[in-house]
Amino acid sequence: MSNSEPTGSATERSTAMRNTSEIVKASVKKRYARETRFRLFGLIAILASLSFLAMLIITISIKGYPAFTQTFMQLEVILDADTLGLDENPDVSQLLKANYSGAIKKSLLQTFPDVKKRKDKKALYKLISKGGQYDLQKKVIAAPELIGQTMTVWLPVGDDVNSYMKGIVDVNLPEKKRRFKDNQIGWIESLKSDNRISQRFNRTFFERGDSREPEMAGIKGALFGTMLTLVVTLVLSFPIAVAAAVYLEEFAPRNRWTDLIEVNINNLAAVPSIVFGLLGLAVFINFFHLPRSAPLVGGLVLSLMTLPTIIISSRAALKSVPPSIRDAALGLGASKLQVVIHHVLPLAMPGILTGTIIGMAQALGETAPLLMIGMVAFIVDVPTAVTDPATVLPVQIFQWADLPEKGFVEKTSAAIMVLLAFLILMNAVAVYLRRKFERKW
Amino acid sequence: MTISLLLLLIFILTATGYVIGRARVAKMRNQVDRSERPHSLPRYYGYMVAIYTALPALVVIILWIFFESTVLTGLVSKQLPADTQALPQGQLNLILNDIKNIAVGNMSQSTADPVRTAAADHFSRLLDNSQWARNILAILVALLGMFFGYRSIHKDQRARVFVERAIMIFLIACSSLAILTTVGIVFSVLFESLRFFDKVPFSEFAFGLHWSPQTAIRTDQVGSSGSFGAVPIFAGTLLISAIAMLVAVPFGLMSAIYLAEYASPTARAWIKPLLEILAGIPTVVYGFFAALTMAPLMRNVGEAIGLTVASESALAAGLVMGIMIIPFVSSLSDDVITAVPQAMRDGSLGLGATKSETIKNVVIPAALPGIVGGVLLAVSRAIGETMIVVMAAGLAANLTINPLEAVTTVTVQIVTLLTGDQAFDSPKTLAAFALGLLLFITTLILNIIALRTVRKYREQYE
Amino acid sequence: MNLDQEQPQEQTIEEIVASLGDTVGEARVDNPKMTCTGVDVFYADKQAIFGVDLDIGANEVLSMIGPSGCGKSTLLRCLNRMNDTIPICKVTGQLTLDGEDIYGKQTDPVLLRARVGMVFQKPNPFPKSIYENVAYGPRLHGLSRNKADLDDIVVTSLRKAGIYNEVKDRLDQPGTGLSGGQQQRLCIARTIACSPEVILMDEPCSALDPIATAKIEELIDELRENYSIAIVTHSMQQAARVSQRTAYFHLGKLVEVGDTDTIFTNPRHELTENYITGRFG
């Protein structure tokens, strides 16, 4: 066998060789089976991960897609001053306070005159969204001369009708088990046959702030809050991160302080985000008494959180600029700072920007630290300044996800779709930047 | 005058400083005698004056913003009636909050009592004065700075050195912010934690088997009636993290191996970004998915095979968290595996090993330290993950290792204890900080070990 | 390279190769262990080897020399299909081992590599103990029936590689802790442990100091008794010292092949002469 002495005869050797190749031949099939199996495991792992991604996106899209349409109902509203509770020649403040929901209810009753019972009336009123009165209010204030006349308006329907129209309500269930009752179905069907029901693109979703009524809830407030928060984050983190990266990569002497900074940055990149929330709560809110729920504080916390990410990628970008360029500029008599500002930074900028976008995308999706600093409050108004109380898109998603109304499930999913769209956009820009400016030195 | 207007003004002053500083030396440049010419280019003198103008003014503004609220609150509460001042801190804070809200107009005056209305008036007056004082002071400081900078210009002054030194100080300050952040984290959780351990003994926290902070409703009850034994929380955190790692490690590692060793470059170019998408999905989305789809699915499957699965089972949360961590593990392992030198693979293949034998016997053992480091980072991530568990795991602190039951985690408790209104120094709130301290220390240790291991590994093959 | 300067710049590599003419010397031997016939190798669109005919005789050491990038390593890696690991690499022509086509459908690269071992340019011991390094191959292929058998194979292989006495006390220590020369001999021992029939060596001494090199050369001479050896080398002295036959490559073409003595004392092709006399390379 293989332990034959080197001096062994030629025949001995050839048997040894034959044996090796025979032994290998005997087991090789099994080994290839193992190879195939192993490879298959790898493939399965990847396919499982990717199919999960597909499943996530598909379920959310299916659930969220209906939220982008909204059902409207055509109604003849009699704007008589009595019902509205107005006297003659009302001013705007009176118009603001007028009883529009009464007018809507009245016209509903007129459309379906055979509804008499109290319970049925209540069910009838539910057909129109509580937000309908605000739409009507807007129209009347825009044209107060209409008071006393009958006006044909399209008003948003209530949450249950909305679900029914989108086919989410299972009509085969016994009546007791569903919120949407048979008489309501009857009314809607009769309106439908009169062409008085229509589905439109849901502008409310993008034009309104949060609301307790699913059909009136929108993401405008959250979008503005997100925007303000991200602006604060970007304004703070980008210059600081670039400065820190430049210092550490180009100037820092190798000493304990530098080592300490590096260890800190690497560690902070892996600290759970909620800990940053605790920091924000203790320092910014409780110590400095900055306003709660404000994009300013949110931005401060998020920039502390994204700094390590941006610093690390900026350093990588700076490192990839070859030393020959620095030497060339230094050789021409530029100071070290001039070399960095004139040559190294511009060359590293695409990489730095890519890192910044990725950091901002991370900040965009962050929720936990913002809960800590009170951005979880119910806020209807659209924020306009960094100190206004605000919420952000991920937190809005978190809040809606907790609400029991069926309408909020689709709103949540739709908000997630918007959030993911932004994230994909940002990542696409980052990938584009990386591909476009990728340079091999 | 709003803050943005003030900033604009300061900016204009700064620009002016630059222009006049530059103009002053520009004339000297024309001197025939070389020794009479200024040391640096004119623009550096401009920069210098600009720095003198902007920097002190900005410092004033920032300090003002940070301390305005504290000072004003102090002043207002001094003006409150004595009996109001004597209230416990928590209630006083609520009143002060009301006052501020009235003053800013977030709360209608009609609903508030006269004491608050009066205080609110006082507050808004103070606020007004404070803003005027701030604006005047900032502009004054800017003008003074400009004057000083302008005056100090003479031909031997090394403006470039000055400017470069200023920039250098800025750079150092920015990079030291990382240390400041860590210090800030440590202090903010440490102080509150110490106050917590004043009220609840550490041994009870660390070894107690019962956790129900919700019973401590009133502040005068203190720690006595709420129980703060955190063992069930630790157990829950570990259980969910363990489930997550059981999903993430095999799937992540196998994906990385496939990508690094088998996939064609084209497949790799497609699959890697797709996995990155999975990594980039916000955790709140995973949480929603876990609560809405995964948990009911688990329950139905459990029912079908005759098991009772809690609607907020550890299994559903852990599973989704594991999926979230797959791309994390896979990208870290991918880096490590591709760093194993090709010579190592060649050596094995050259002896007649199949690819999988080479991977199992040579590549993985060689990459093991790096992979372990990556997995440790993933564990740290699982422990600190918040949104998935907040949305899909329970609140009840059950001490169990059954993944089908509901458990709670450290992060869930922090969120629950700190959202909603309560007095800031109740043991309930302080408990959240104690948990936060624990979370920070645990992840810190894991991170440091992991980063060390990974770095050592990198050095080995560089 | 001088040659490039002599040729007009527009000439493609194919044209230069064509101008080199047919291989000079005797490519075939009486008792071939491995043969190459009309071998072309492509990396994507780029051709790296042009129609090479060459035999490796049983129990002989064949050295392959030539300037860098001449394709000698590429050809060597074709002989046990290590080029399979490079996806863009394509091999055409016929290569045989004991008359079997090694790129044929029936041939299994795993089996082939067990029979045709390879030693690499840089010593590449696995990050395992010395013992495990040598036992790796036999374990893979199931060559030993029991532990004693395996011990036997390990000791014999280490002995054959002339390193046993240096490491016998520390078989359980990592192979990466050895010196460069020892590592390379460990890699040779690792190869021998699979009892191959042919050993391919890709510049095995390029990373080693002269003393370590001398030891490896001695070893190669001893191994010739049992194995056929093909060695790629940069050092002409080494080729002259260890090999019986020498093949000279240029730009992917086998220019001249023959007895080592003849090639070094009386080269027939102008390029060979230029290379051997040190005008380029």
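User: What should I know about domain bounds before reading distances between domains here?

Analyst: Domain bounds come from an automatic or database domain assignment. In this predicted model, chain A is divided into domain 1 (4–65), domain 2 (68–208) and domain 3 (220–437). The C-alpha centres of domain 2 of chain A and domain 3 of chain A lie 45 Å apart.

User: How many residues of domain 2 of chain A are in contact with domain 3 of chain A?

Analyst: Nine residues of domain 2 of chain A touch twelve residues of domain 3 of chain A, counting heavy atoms within 4.5 Å. Together, these two domains bury about 880 Å², with 61% of that area on carbon and sulfur atoms. On the side of domain 2 of chain A, F68(A), F205(A) and F206(A) supply 49% of the buried area, more than any other three residues.

User: How many salt bridges and polar contacts join domain 2 of chain A and domain 3 of chain A?

Analyst: The count of salt bridges is zero. One residue pair is in polar contact across this interface, with both residues at pLDDT 80 or more.

User: Why might one look for nonpolar side chains buried together?

Analyst: One looks for them because nonpolar side chains tend to be buried together in soluble globular proteins. Here, the largest nonpolar core has 189 residues, and those with the most contacts inside it are F284(A), W211(B), Y286(B) and I414(B). Helix α9 (residues 231–262) of chain B gives this core its largest share, 15 residues.

User: Which residues are in contact with F284(A), leaving aside its neighbours within four places in sequence?

Analyst: Among them are L279(A), V297(A), L304(A) and F66(B). A second, separate core of 39 residues includes A135(C), I163(C), A212(C) and I216(C).

Definitions and conventions:
Residues numbered from 1 in each chain as written. Chains lettered and ligands numbered in written order. Predicted model: local features only at pLDDT ≥ 70, side-chain atom pairs only at ≥ 80, totals over all residues. Heavy atoms only, no water. Core = buried A, V, L, I, M, F, W, Y, C linked by side-chain atoms within 4.5 Å. Buried < 20%, exposed > 50% of the residue type's maximum accessible area, 1.4 Å probe, protein only. Helix = DSSP H or I, 4+ residues; strand = E, 2+ residues; numbered from the N terminus. Buried area = accessible area lost by both parts, 1.4 Å probe. Salt bridge = Lys/Arg side-chain N within 4 Å of Asp/Glu carboxyl O. Polar contact = N/O pair within 3.5 Å; in protein donor to acceptor, adjacent residues only side chain to side chain.
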